[in-house]
Amino acid sequence: MNNRKIIVITDLDGTLLDHSTYSFCEAEDALGLLREKGVPLIFCSSKSRAEIEVYRKKLSNNEPFISENGGAIFIPEGYGDLKCEFDKIEDGYLVIEIGSEYQTLADAFEKIKKRAGINIKSITEFTIDEIVWLTGLSGEEAFLAQKREYILPFINYGGEGDDKVIKDEILSLGLNYTEGARFVHLMGGNDKGKAVKILTDIFKKNYPETEITTIGLGDSLNDLPMLEVVDKAFLVKKEAGNYEERIKVEGLAYADGIGPVGWNKAVLGLFNNN
Ligand SMILES: [Mg+2]
């Protein structure tokens, strides 16, 4: 590594990927520039590991990544000779687990459903066709979206007041929640910020001579903890053309464009100024 290194950490849905089409073609210029400059691009998504792997393949990305809102960090074995503590080795990754076990979440979800008596439905209760209809994912991706390990996405079909009841129930069980663009996420103590902090510290420990600058890009409330821990945070516009107003971070930069359009401009801008 050189003495200075930029690492780009990005949300996927609605940020690098278009909210409706899941295409990253609007960000191709910036993606090409990162490749050219050898800047690591780290995916940090609420998507499942299996879903993220699809995009790693599409983008020939071999970097570590963070799944399920910081549920776990996956570092490819042998990546940059990184040394770190990890919980297990699985499918060629060193896995650092931060989130609760899936079964704990599934059990809690059933309990909450019964106690609150509100119509909530988890991602695993939808058919593949229903997920395709709800999300615009392909059938194959919808199948992969159900492969949950650390968070349980769900939809509340009750009224607005029911939101609070459900959230109180979640907290009373010692669990947590956050909001993505389409689903509420039931989870344990994980968030994107904790995972990004752990991964950044691993980089810093392994490359003590290198001055590392982290760039974070997101669009939704679940990105807030990540945007709080990076050196430079960018918010892209949501599908409707607005910025998520609940995200307030010191020094936050507002990318000029929806999803990948804003992403492209923000990332290209990083290098224009240097
Ligand atoms: Mg998003």
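# Strands, sheets and their cut-offs

Biologist: What makes you call strand β1 (residues 4–10) largely enclosed by the rest of the structure?

Modeller: Five of its seven residues are buried, so β1 is largely enclosed. A residue counts as buried if 20 or more other C-beta atoms lie within 10 Å of its own, as exposed if there are 12 or fewer, and as partly exposed in between, with C-beta atoms placed from the backbone. This is a predicted model: local features need pLDDT of at least 70, side-chain atom pairs count only at pLDDT 80 or more, and totals for chains, interfaces and linings use all residues. Numbering starts from 1 along each chain, as its sequence is written.

Biologist: How many helices and strands does the chain have?

Modeller: Nine helices and 13 strands. Both are DSSP runs, numbered from the N terminus: helices are H or I with at least four residues, strands are E with at least two.

Biologist: Which strands does β1 pair with?

Modeller: β1 runs parallel to β11 (residues 211–218), with seven bridges between them. Isoleucine 6 stands opposite threonine 213 in β11. Three bridges join β1 to β2 (residues 41–44), again in the parallel sense. There, threonine 10 faces phenylalanine 43 of β2. Strands count as paired if DSSP finds at least two bridges between them, so both β1 partners qualify.

Biologist: What makes β5 and β13 the edges of their sheet?

Modeller: Nine strands form this open sheet, in the order β5-β6-β4-β3-β2-β1-β11-β12-β13, with mixed pairing. β5 (88–90) and β13 (253–258) each have a single partner strand, so one side of each is left without a neighbour in the sheet. Neighbouring strands are turned by 25 degrees against each other on average, direction ignored. Within this sheet, β3 (residues 65–67) and β4 (residues 72–76) pair antiparallel over three bridges. Phenylalanine 65 has phenylalanine 74 in β4 as its bridge partner.

Biologist: What is the handedness of the unit made by β1, α1 (residues 28–37) and β2?

Modeller: This β-α-β unit is right-handed. The term applies if, with the strands pointing away from the viewer, the path from the first strand over the helix to the second runs clockwise.

Biologist: What is the handedness of the crossing of α1 and α9?

Modeller: Left-handed. That means the near helix is turned anticlockwise from the far one by less than a right angle; clockwise would be right-handed. The axes of α1 and α9 (residues 260–272) come within 8 Å and cross at roughly 40 degrees. Axes are lines fitted to C-alpha atoms, for helices over the stretch in contact, and angles run from 0 to 180 degrees between N-to-C directions.

Biologist: Which residues of α1 and α9 meet?

Modeller: Asp29, Ala30, Leu33 and Leu34 in α1 meet Trp263, Asn264, Val267, Leu268 and Phe271 in α9. Two residues are in contact if their C-beta atoms, placed from the backbone, lie within 7 Å. α9 also lies across β1, β11, β12 (232–237) and β13, at about 135 degrees to β13.

Biologist: How do you know whether serine 172 is buried or exposed?

Modeller: Serine 172 has 11 other C-beta atoms within 10 Å, so it is exposed. It sits in α6 (residues 160–172).

Biologist: How is tyrosine 93 classed, and why?

Modeller: Tyrosine 93 has 19 C-beta neighbours inside 10 Å, so it counts as partly exposed. Its place is in β6 (residues 93–97). Leaving aside neighbours within four places in sequence, tyrosine 93 is in contact with Phe74, Ile75, Pro76 and Glu77.
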